[in-house]
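Q: I would like to learn how to read salt bridges in a structure. Could we go through a case together?

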Amino acid sequence: MITYQELKNASQLFMSIGKIKSYITKERFELAAKCEFNITDEKSIERMFGLFCEVPNIMYRIACHDEEIKDELATALHIAQTAYENVEINSAMLPKLEEGYLYEKDKRRYFYRIGEDGAIQELDVNLDSPFGIITFGDLLKRDDVKVTGVTHYRGKIERYNSKVEYYEGDIVFVWGDPTDRIFFSWYDSDAGVYLSTDEGWKKLLYTPGRGYLDKNKEPDFETDNCFSDYKISKSGNGFKIMGNIHKDLSVLMERKGGKDVL
């Protein structure tokens with residue numbers, strides 16, 4: 001029987017992972033593993049990063065006393081924590097305000113703040129729906145609301161019979177899923193950070209100490225190549241939308257000594 005202390009420890013673990021997981025990319029994880037932990041084996045790093053990304057999906061195996069995974073995950077968490085300490089975090093990622101849709105022809109996402117010091121929030125508006133226009137109009141009537149940005153609907157990524165909506169400017173972390181035994185590859189070049197653009201998905205270039213932005217704080221693209229949704233969602237990949245550049249760039253930035261290094 002699981003004890004109260006074990007449940008308490010598990011709860012604290014999940015809270016910790018949930019806090020840092022949004023900011024840990026494969027490149028950041030790999031850099032920390034090599035520089036801080038002297039781990040150079042690419043296969044080992046790839047596997048530990050995959051295990052970290054798949055928590056809590058693999059917790060059942062840990063509960064079944066899989067000692068190998070326990071040791072690897074423990075090391076992975078230490079590496080992730082170290083990588084997290086070098087990430088620039090400027091603001092909280094708040095959940096968006098949901099709206100029911102009837103159509104998808106002209107769907108926009110507006111970013112706004114309430115008050116001068118309010119956190120940036122989101123509102124999805126279907127401009128083909130009278131309800132959507134009225135909702136947005138009511139928001140704009142408030143004197144303390146300031147619209148800070150807007151983007152538009154791009155499509156849906158389909159994976160495992162589910163669909164994930166995405167917008168222009170969405171930031172997506174992609175990693176190799178080691179639990180996909182058939183299609184997973186240790187050296188899958190698809191892993192990395194991608195940005196949704198009107199041309200397609202573009203992979204961002206990682207620069208140690210600076211992150212995924214150039215010196216002008218603009219997304220730094222690895223190449224001019226554009227990719228379809230398949231690049232993100234194909235078998236063997238895991239992915240998650242981590243934010244939007246029109247709302248918050250902090251997930252793409254590095255920090256050094258608590259100061260912005262850009």
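A: Start with one pair in this predicted model. The side chains of Lys202 and Glu199 form a salt bridge, with N and O 3.0 Å apart. As a general idea, side chains of opposite charge can pair when their charged atoms come close.

Q: Is Lys202 buried or exposed?
A: Lys202 counts as buried because its relative accessibility is 10%, and buried means under 20%.

Q: How many salt bridges does the structure hold?
A: There are 14 salt bridges in the structure.

Q: Which residue does Glu254 meet in a salt bridge?
A: Glu254 meets Arg28, at 2.7 Å from N to O. This pair links distant parts of the chain: Glu254 sits in the loop between strands S8 and S9, Arg28 in helix H2, and 226 residues separate them. Glu254, at 4% relative accessibility, counts as buried. Arg28 counts as buried too, at 3%.

Q: With which residue does Lys247 form a salt bridge?
A: The partner of Lys247 is Glu122, and their closest N and O atoms are 3.2 Å apart. Lys247 lies in the loop between S8 and S9 and Glu122 in strand S2, so the pair ties together parts 125 residues apart in sequence.

Q: Are Lys247 and Glu122 buried or exposed?
A: Both Lys247 and Glu122 are buried.

Key:
Residues are numbered from 1 along each chain as its sequence is written. This is a predicted model: local features need pLDDT of at least 70, side-chain atom pairs count only at pLDDT 80 or more; totals for chains, interfaces and linings use all residues. Side-chain values use heavy atoms; hydrogens and water are left out. A salt bridge is a side-chain nitrogen of Lys or Arg within 4 Å of a carboxyl oxygen of Asp or Glu. Helices (H or I, at least four residues) and strands (E, at least two) are DSSP runs, numbered from the N terminus. Buried means under 20% relative accessible area, exposed over 50%, partly exposed in between (1.4 Å probe, protein chains only).
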